[in-house]
Amino acid sequence: MALLNILEFPDPRLRKVAEPITEVDDGIRQLCKDMFETMYEAPGIGLAATQVNVHKRLLVCDISEDQSQPLVFINPEIQQFSEAVSSYDEGCLSVPGYFEEVERPDSIVITALDQNGETFQLQIDGLLSTCIQHEIDHLNGKLFVDYLSPIKRKRIRSKLEKQHKKRA
Ligand code: NI
């Protein structure tokens, strides 16, 4: 297993739209393992392949407190959104240190492939639904800061850019 490097906003590679996975093979399963390790180490509750500079439609998440509910979604598609919304203070491993309230549909029906290439469908709500919608946004090149006001987004951007300069 390997810890992967997580891209940080405003890295332009976070804006790439990920491509569908045509075959779920050992390489994909290894990528899932590495992404879980990277996500747990960070620590975070979700990670999209885009964030580790792999532009394939794959995300992992685990909203449990004891790493007991790992979930993999390959080529995820949201089939239905509820009209009801809920809002959470969202954070992102690609926007470290910032949390902002984002409103999203509360419940979704999602289809995806699992690590064996089998299709499954789930109806989910609450935090898991928010987490997966956030991660699917990553696969489409979108970040939670895009839901904020331009002023807030700009402020976060310039603070992170300063940190990146210091690190370089
Ligand atoms: Ni994120």
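In this predicted model, the largest nonpolar core has 17 residues. Those with the most contacts inside this core are I28, M35, L47, L58, V60, V72 and I74. The largest share, six residues, comes from α1. In soluble globular proteins, nonpolar side chains tend to be buried together.

Take M35 as a way into this core. Set aside its neighbours within four places in sequence, and M35 is in contact with L4, L47, A48, A49, V52, L58, L59 and V60. Two of these partners, L58 and V60, are also among the residues with the most contacts inside the core.

A second core is separate and has 14 residues. Among them are A18, I124, L128 and L139.

Now turn to the metal. Which protein atoms are donors of the nickel ion? They are SG of C92, NE2 of H134 and NE2 of H138. These atoms lie 2.1 to 2.2 Å from the nickel ion. In sequence the donor residues follow the spacing C-x41-H-x3-H.

H134 has 5% relative accessibility, so H134 counts as buried. H138 is buried too, because its relative accessible area is 0%.

Key:
Residues numbered from 1 in each chain as written. Predicted model: local features only at pLDDT ≥ 70, side-chain atom pairs only at ≥ 80, totals over all residues. Heavy atoms only, no water. Donors = N, O, S within 2.8 Å, 3.2 Å for Na, K, Ca; no water. Buried < 20%, exposed > 50% of the residue type's maximum accessible area, 1.4 Å probe, protein only. Core = buried A, V, L, I, M, F, W, Y, C linked by side-chain atoms within 4.5 Å. Helix = DSSP H or I, 4+ residues; strand = E, 2+ residues; numbered from the N terminus. Contact = heavy atoms within 4.5 Å.
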